[in-house]
Amino acid sequence: MTDAALSPAPVKASPFNELEVLWVRHWTDSLFSFGVKRPEDFRFRSGEFVMIGLPGEAKDGVPGKPVLRAYSIASPCWAEELEFFSIKVADGPLTSRLQKIQPGDTVLMGKKPTGTLVLDALTGGERLFLIGTGTGLAPWLSVARDPETYSRFGHVYVIHTVRSVADLAYRDFFTREIHDDPLIGDEAKAQLTYYPTVTREAFETPGRITDRIKCGDFFRDLGLPEGFDPARDRAMLCGSMAMIKEAGELLETYGLKEGSNAEPADYVLERAFVG
């Protein structure tokens, strides 16, 4: 018998990090956020996403395959913990279980972040519009806390469209708490504007963001000239497939071109969440 035959088979490295849940916040019956301990060797660009999940449920004593979905990282690239913003789906393969996590529990996270909602995918500009629906706000929580965002753009607009007022998670953060951020608080106070809209309840800025852009109310509310200018405006889109498609087409009518990591341009969207 050879030495090779006696040697134990090499242990295959797991493609996932097993991370401790640090905290959980339930915003509504359909929305929650949670934070996990960041691995020391995990690096990402603000706005990227990563696979998040749980081990598969065992059947007849046999472990099931892990269940994972793509989640935008809601923390900036410098943060010591990783934050995520999620919907709750009663019969969802992942979120039906993920929504029940508690501090001290373990979740799985992929080791390779990626995505196009990053500053590297945009050319230079003066104004940055971060347009999201629902949990599509998550990457803006990352980008809006990155110092590079404020050094590259004179003004940053965080735009969040939801169905009901209660769904405006992080509203207090963007209107008040971010101003106390020790790293970018002063910049956010001077350069960041938060613009929420609500589609199914009375609100000071009602309706879908694309409708408000089309009718001009969006620009009037913000005191801006009507329309987007490809010479100075840049945008990122994340959220529902319908919004991303319509908003992308709107930006194109104003002359903005879609960019990517390989070819930076005027606006970007996250195709991983579309369809």
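Author: What follows is a conversation about this predicted model.

Reader: Into which domains is the protein divided?

Author: The division gives domain 1, residues 16-110, and domain 2, residues 119-271.

Reader: How far apart do their C-alpha centres lie, and how many residues are in contact?

Author: The C-alpha centres of domain 1 and domain 2 are 25 Å apart. In terms of contact, 21 residues of domain 1 meet 20 residues of domain 2.

Reader: Turning to pockets, what volume does the largest pocket have?

Author: The largest pocket has a volume of about 1,000 Å³. It is lined by 35 residues, and those closest to its centre are I87, T133, G134, T135 and G136.

Reader: Which elements give two or more residues to that lining?

Author: They are β4 (62-72), β5 (81-87), α3, β8, α7 (209-215) and α9 (241-253). The largest share comes from β4, with four residues.

Reader: And how do the residues of the lining divide into nonpolar, polar and charged?

Author: The lining of the largest pocket has 16 nonpolar residues, 14 polar ones and five charged ones. As for the domains, at least three lining residues come from each of domain 1 and domain 2.

Reader: What about the second largest pocket: what is its volume, and which residues are closest to its centre?

Author: Its volume is about 230 Å³. Of the 13 residues lining this second largest pocket, R25, W27, Y170, F173 and E177 are the closest to the centre. Two elements, β1 (16-26) and α5, each give two or more residues to the lining, and α5 gives the most, with three.

Reader: How is that lining divided by residue type?

Author: The lining of the second largest pocket holds six nonpolar residues, one polar residue and six charged residues.

Reader: Why does the second largest pocket lie between domain 1 and domain 2?

Author: It is placed between them because domain 1 and domain 2 both give residues to its lining.

Reader: Let us change topic. Which residues of the largest nonpolar core touch the most other members?

Author: Among the 36 residues of that core, they are V158, F174, I178, L192 and M236. The elements giving two or more residues to this core are β7 (127-133), α3 (138-143), β8 (155-162), α5 (171-175), β9 (192-198) and β10 (233-238). The most come from α3, which gives four residues. Domain 1 and domain 2 each supply at least three residues to the core.

Reader: Staying with V158, what does it touch?

Author: Leaving aside residues up to four places away in sequence, V158 touches L130, L137, W140, A144, F174, L192, T193, Y194 and Y195. There is also a second, separate core of 22 residues, including I159, F219, L224 and F228.

Reader: One last residue, then. Where is the place of L68, and does it count as buried or exposed?

Author: L68 is in strand β4. Its relative accessibility is 16%, and residues under 20% count as buried, so L68 counts as buried.

Reader: What are its contacts?

Author: L68 touches F16, M51, I52, G53, L94 and L108, again not counting residues up to four places away in sequence. One of these, G53, is 15 residues from L68 in sequence, yet their C-alpha atoms are 4.0 Å apart in space.

How values were computed:
Residues are numbered from 1 along each chain as its sequence is written. This is a predicted model: local features need pLDDT of at least 70, side-chain atom pairs count only at pLDDT 80 or more; totals for chains, interfaces and linings use all residues. Side-chain values use heavy atoms; hydrogens and water are left out. A nonpolar core is a set of buried Ala, Val, Leu, Ile, Met, Phe, Trp, Tyr and Cys residues joined through side-chain atoms within 4.5 Å. Buried means under 20% relative accessible area, exposed over 50%, partly exposed in between (1.4 Å probe, protein chains only). Domain bounds come from an automatic or database domain assignment. Contact means heavy atoms within 4.5 Å. On a 1 Å grid over the protein atoms alone, a cavity is a set of points where a 1.4 Å probe fits but cannot get out, and a pocket is an open set with protein on both sides within 12 Å along at least five of seven lines; lining residues have an atom within 4 Å of a point. Grid points are joined across faces, edges and corners, and a volume is the space filled by probe spheres set on the points. Ala, Val, Leu, Ile, Met, Phe, Trp, Tyr, Cys and Pro count as nonpolar, Asp, Glu, Lys and Arg as charged, and the others, Gly among them, as polar.
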